[in-house]
Amino acid sequence: MRTRVRACLAGVARLLAAALVLAPLMAVAPARAENWTVASEDYFPPYNFTERGKRTGMDTEIVDAMLKDIGVYPVHRPMAWPEVVRAHDENEVDVAFQFFTSPRRLERGHLVGPYRVGATVLMVRSNSEITYARIDDLQGLRIGVVDGFEYTPEFDKSPLFERVRSSSNVVSFRRLLLGRVDAIAGDLQVLRYLADSEGRTGSVKILPKPLAMVPRYISVPKLRAEKAERLRAAYEKLTRDGTIEAIVRRWER
């Protein structure tokens with residue numbers, strides 16, 4: 001009898017010891033992760049691209065930092081830009097970037113930002129005599145643009161020149177090198193990155209006057225207002241503490 005009692009007490013002691021070991025681990029174990037789907041253009045360096053199987057880039061890091069601040073894990077969905085816009089507008093993703101403000105964007109999403117300001121510029125071949133001071137200077141030119149991109153209202157609506165559409169900045173850049181267009185329009189950092197990565201910085205030049213300085217925003221679909229407020233709170237916090245500015249400066253070196 002005493003032997004059975006001692007065995008029972010020993011068993012209880014082992015269970016208590018195990019509970020004491022597991023209790024601290026359970027206390028610090030994270031809750032089930034909350035995942036948000038994040039849509040961005042597949043290849044838009046230095047802002048968003050894939051390197052060694054991981055999404056990276058200036059804007060990607062900014063979005064990831066904001067989601068980390070609110071305890072959310074990003075599930076990135078790279079896609080062609082028109083598909084990014086469609087997935088956002090049809091409420092298939094939680095977050096999409098990068099947009100600039102317009103009546104259409106304000107109608108279809110909650111814009112968070114601006115988290116940076118980008119220069120929209122014209123790039124020409126290095127031996128080109130094209131100059132730009134006003135829209136009339138572009139008369140008669142063939143200018144490469146990316147299908148689905150918005151540049152400036154004046155540029156997008158002008159009948160003075162031909163817009164030669166392509167699927168990406170890479171295609172537009174190569175058309176410029178081949179002489180199939182006279183100039184291409186795009187983000188300053190993106191066009192610089194392309195010229196450098198292709199080893200063609202000496203073959204092209206960027207015209208001094210930008211088409212526009214454009215504030216950039218992250219957008220959350222209109223039906224996901226609660227998530228937009230959480231993201232906006234993270235944006236405001238990371239703006240105040242300098243996190244976003246530090247990411248931008250690191251990538252613009």
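**Entry 1: the largest pocket**

I looked up the largest pocket and found about 350 Å³ of space in it. This is a predicted model, in which local features need pLDDT of at least 70 and side-chain atom pairs count only at pLDDT 80 or more, while totals for chains, interfaces and linings use all residues. Residues are numbered from 1 along each chain as its sequence is written, and side-chain values use heavy atoms, with hydrogens and water left out.

I note the terms here. A pocket is found on a 1 Å grid over the protein atoms alone, as an open set of points where a 1.4 Å probe fits, with protein on both sides within 12 Å along at least five of seven lines; lining residues have an atom within 4 Å of a point. Grid points are joined across faces, edges and corners, and the volume is the space filled by probe spheres set on the points.

I found 19 residues in the lining of the largest pocket, with Trp81, Gln98, Phe149, Glu150 and Arg216 nearest its centre. Two or more lining residues come from each of α3, β5, α4 (103–108), β9 (183–187) and β11 (212–221). Helices (H or I, at least four residues) and strands (E, at least two) are DSSP runs, numbered from the N terminus. I recorded the lining as eight nonpolar, five polar and six charged residues. In this division Ala, Val, Leu, Ile, Met, Phe, Trp, Tyr, Cys and Pro count as nonpolar, Asp, Glu, Lys and Arg as charged, and the others, Gly among them, as polar.

**Entry 2: the second largest pocket**

I then turned to the second largest pocket, which holds about 170 Å³ of space. Its lining includes Phe149 and Glu150, two residues that also lie among those nearest the centre of the largest pocket. Other lining residues of the second pocket include Phe100, Tyr151, Asp156, Arg163 and Arg165. Helix α5 (153–157) and strand β8 (162–166) are the elements that give two or more residues to this lining. I recorded six nonpolar, two polar and four charged residues for the second largest pocket.

**Entry 3: aromatic residues**

Rings of Phe, Tyr and Trp (its six-membered ring) pair if their centres lie within 6.5 Å; planes under 30 degrees apart count as stacked, over 60 as edge-to-face and the rest as tilted. Phe49 and Tyr193 form a tilted pair, 6.0 Å centre to centre with 45° between the planes. Phe49 lies in strand β2 (residues 49–51) and Tyr193 in helix α7 (residues 188–197), so this pair ties together parts that are 144 residues apart in sequence.

I checked the accessibility of both partners. Phe49 is buried, at 4% relative accessible area, whereas Tyr193 is partly exposed, at 28%. Buried means under 20% relative accessible area, exposed over 50%, and partly exposed in between (1.4 Å probe, protein chains only).

One aromatic cluster consists of Phe44, Tyr47, Trp81, Phe99, Phe149, Tyr151, Phe155 and Phe161. I noted that the charged end of Arg116 sits over the ring of Tyr47, 3.6 Å from its centre. The criterion is that NZ of Lys or CZ of Arg is within 6 Å of the ring centre and within 35 degrees of the ring normal.

**Entry 4: strand β6**

I examined strand β6 (residues 109–125), in which Pro114 lies. Of its 17 residues, 13 are buried, so β6 is largely enclosed by the rest of the structure. Strands pair if DSSP finds at least two bridges between them. Nine bridges join β6 to β11 in the antiparallel sense, and Arg116 stands opposite Arg216 in β11. I also found four antiparallel bridges between β6 and β9, where Val121 stands opposite Gly186. Strand β10 (residues 204–206) runs antiparallel to β6 and is joined to it by three bridges; Val124 has Lys205 as its bridge partner there.

**Entry 5: backbone geometry**

I looked up the cis peptide bonds. The bond from Pro45 to Pro46 is cis, with omega near 10°, and Pro46 lies in the loop between β1 (34–41) and β2. Gly113 and Pro114 are also joined by a cis peptide bond, with omega about 5°.

I noted positive phi values in residues other than glycine. Arg52 has phi near 50° and is found in the loop between β2 and β3 (54–56); Arg52 is exposed, at 81% relative accessibility. Asn91 has phi near 60° and is found in the loop between α3 (81–89) and β5 (95–99); Asn91 is partly exposed, at 27% relative accessibility.
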